[in-house]
Amino acid sequence: MSKIVLEHIDKFYGENHVLKDINLTIEDGDFMTLLGPSGCGKTTTLRVISGLEKPQGGTMTIDDKTVIDAANAFYEEPSKRGLNLVFQSYALWPHMTVYQNIAFGLKIKKLSKEEIDQRVMDSLRTMRIDQYKDRYPNELSGGQQQRVAIARAIASNPKLLLLDEPLSNLDARLRIDMRVELKRLHRETGTTIVYVTHDQVEAMTMSTKVALFKAGEIAQIATPLELYTNPVDLETADFVGSPRINMVDGTARYDGNELVVDSVLGQMTFDKETLKTTEEIPEGQPFDAVLDR
Ligand SMILES: Nc1ncnc2c1ncn2[C@@H]1O[C@H](COP(=O)(O)OP(=O)(O)OP(=O)(O)O)[C@@H](O)[C@H]1O
Ligand SMILES: [Mg+2]
């Protein structure tokens, strides 16, 4: 069980305002993807959630328990948040076998030998790497090492799994395989996942919800289908979808009933409702418009 609510999160690095009033609710069982171009604040948001960064403003709760209250300078320690973070660079201990790498964190928690063995083997099987348990990291491919890093994260039964571009070091083929594995992991364990990527195909195929970031702000939070069919603006429409959308210039006119649009594609008519504007629409005169479809 874990529901995470971020409210009015502001984060500065010096003068640089990198997170601007972030409001984000991650429901129990969500596969929430933070999507956006490089430098827009995805990793920073993940680090705020995990407790590695202290925001200057805002609050965060996990299951209604306050873990960040910036106004009162309260920041719960990362280790007490029950979260687990897998970074893009998956640092495995080189002198430990796969089994030992995963067991290490559980030993620190002082679990019994049987419990540790059970958890290690379960997580290895979930990630389909149990046959490599006695190998050392340098005897594994990058993709296999990445699976070990994820297995290590899930072995501790985290309330929440935070994944920062975990597939970025893999070749195209493995990325596709791992997408399927991660979806399966989500389905089978029901763990809430927050997943960071700048790859919109990953976001659209794996997530239950996508938070689209734009320069430190969240432009839209929606299911992949909503994001695709009903993007908030042209920029969002341009960012999601493969192949990219086509944009066509046209002239719009409102004839009292319908919008009449002339473009190189010919003349088309639309319901007034498809027009995204709050401004008064002049009758009979051409104007600039963004149409929904
Ligand atoms: N430790 C830091 N000190 C100063 N500025 C930082 C620090 N970490 C990140 N930033 C800045 O904050 C902004 C957001 O960075 P962040 O790492 O969150 O981006 P991102 O969306 O994860 O990008 P990418 O897709 O490239 O990983 C960037 O402008 C970055 O330069
Ligand atoms: Mg990043």
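## Terms and basis of the report

In this report, Ala, Val, Leu, Ile, Met, Phe, Trp, Tyr, Cys and Pro count as nonpolar, Asp, Glu, Lys and Arg as charged, and the others, Gly among them, as polar. The structure is a predicted model, in which local features need pLDDT of at least 70, side-chain atom pairs count only at pLDDT 80 or more, and totals for chains, interfaces and linings use all residues. Residues are numbered from 1 along each chain as its sequence is written, while chains are lettered from A and ligands numbered from 1 in the order in which they are written.

## Overall architecture

The protein chain has eight helices and 15 strands. Helices (H or I, at least four residues) and strands (E, at least two) are DSSP runs, numbered from the N terminus. Along the principal axes, the C-alpha atoms of the protein chain fill a box of roughly 80 × 50 × 35 Å. The protein chain is divided into domain 1 (4-239) and domain 2 (250-287), with bounds that come from an automatic or database domain assignment. The C-alpha centres of domain 1 and domain 2 are 44 Å apart.

Of the 293 residues in the protein chain, 33% are buried. A residue is buried if 20 or more other C-beta atoms lie within 10 Å of its own, exposed if 12 or fewer, and partly exposed in between, with C-beta atoms placed from the backbone. Two residues are in contact if their C-beta atoms, placed from the backbone, lie within 7 Å. Among contacts in the protein chain with a separation of 6 or more, 60% come from residues 24 or more positions apart.

## The surroundings of ligand 1

Ligand 1 is surrounded by Tyr13, Asn16, Val18, Gly36, Ser38, Gly39, Cys40, Gly41, Lys42, Thr43, Thr44 and His198. The elements that give two or more residues to this shell are strand E2 (16-26) and helix H1 (42-50). A residue is near a molecule or strand if its C-beta atom, placed from the backbone, lies within 6 Å of it.

H1 gives the most to the shell around ligand 1, with three residues. By class, this shell has three nonpolar, eight polar and one charged residues.

Strand E1 (residues 4-13) runs antiparallel to E2, and seven bridges join them. Two strands pair if DSSP finds at least two bridges between them. Ile4 stands opposite Ile26 in E2. E1 and E2 form a hairpin with two residues between them, and Gly14 in the turn has a positive phi of about 60°.

E2 also holds Asp21. The phi of Asp21 is near 50°, a positive value in a residue other than glycine. Asp21 counts as partly exposed because 14 C-beta neighbours lie inside 10 Å.

## Helices H2 and H4

The buried residues of helix H2 are Val98, Asn101, Ile102, Ala103 and Leu106, and these buried residues pack against H3 and H4. Lys110 lies in the loop between helix H2 (98-108) and helix H3 (113-126). This residue has a positive phi of about 60° although it is not a glycine. Lys110 counts as exposed because it has 7 C-beta neighbours inside 10 Å.

Helix H4 (residues 142-155) has 14 residues and reaches 20 Å from its first C-alpha to its last, close to the 20 Å expected at 1.5 Å a residue. That expected span is 1.5 Å times one less than the number of residues. H4 is mostly covered, with 11 of its 14 residues buried; among them are Gln145, Arg147, Val148, Ile150 and Ile154. H4 is followed by Asn157, whose phi is positive, near 45°.

## The sheet of E14, E13, E12 and E15

Strands of a sheet pair through backbone hydrogen bonds, either parallel or antiparallel. An open sheet of four strands has the order E14-E13-E12-E15, with antiparallel pairing. Its edge strands are strand E14 (266-271) and strand E15 (286-287), each of which pairs on one side only.

Strand E12 (residues 250-254) is joined by five bridges to strand E13 (residues 258-263), and the bridge partner of Thr251 in E13 is Asp262. E13 and E14 are joined by six bridges and run antiparallel, with Val260 opposite Thr269 in E14. A hairpin through two residues joins E13 to E14. Of the six residues of E14, the number buried is zero, so E14 lies largely in the open.
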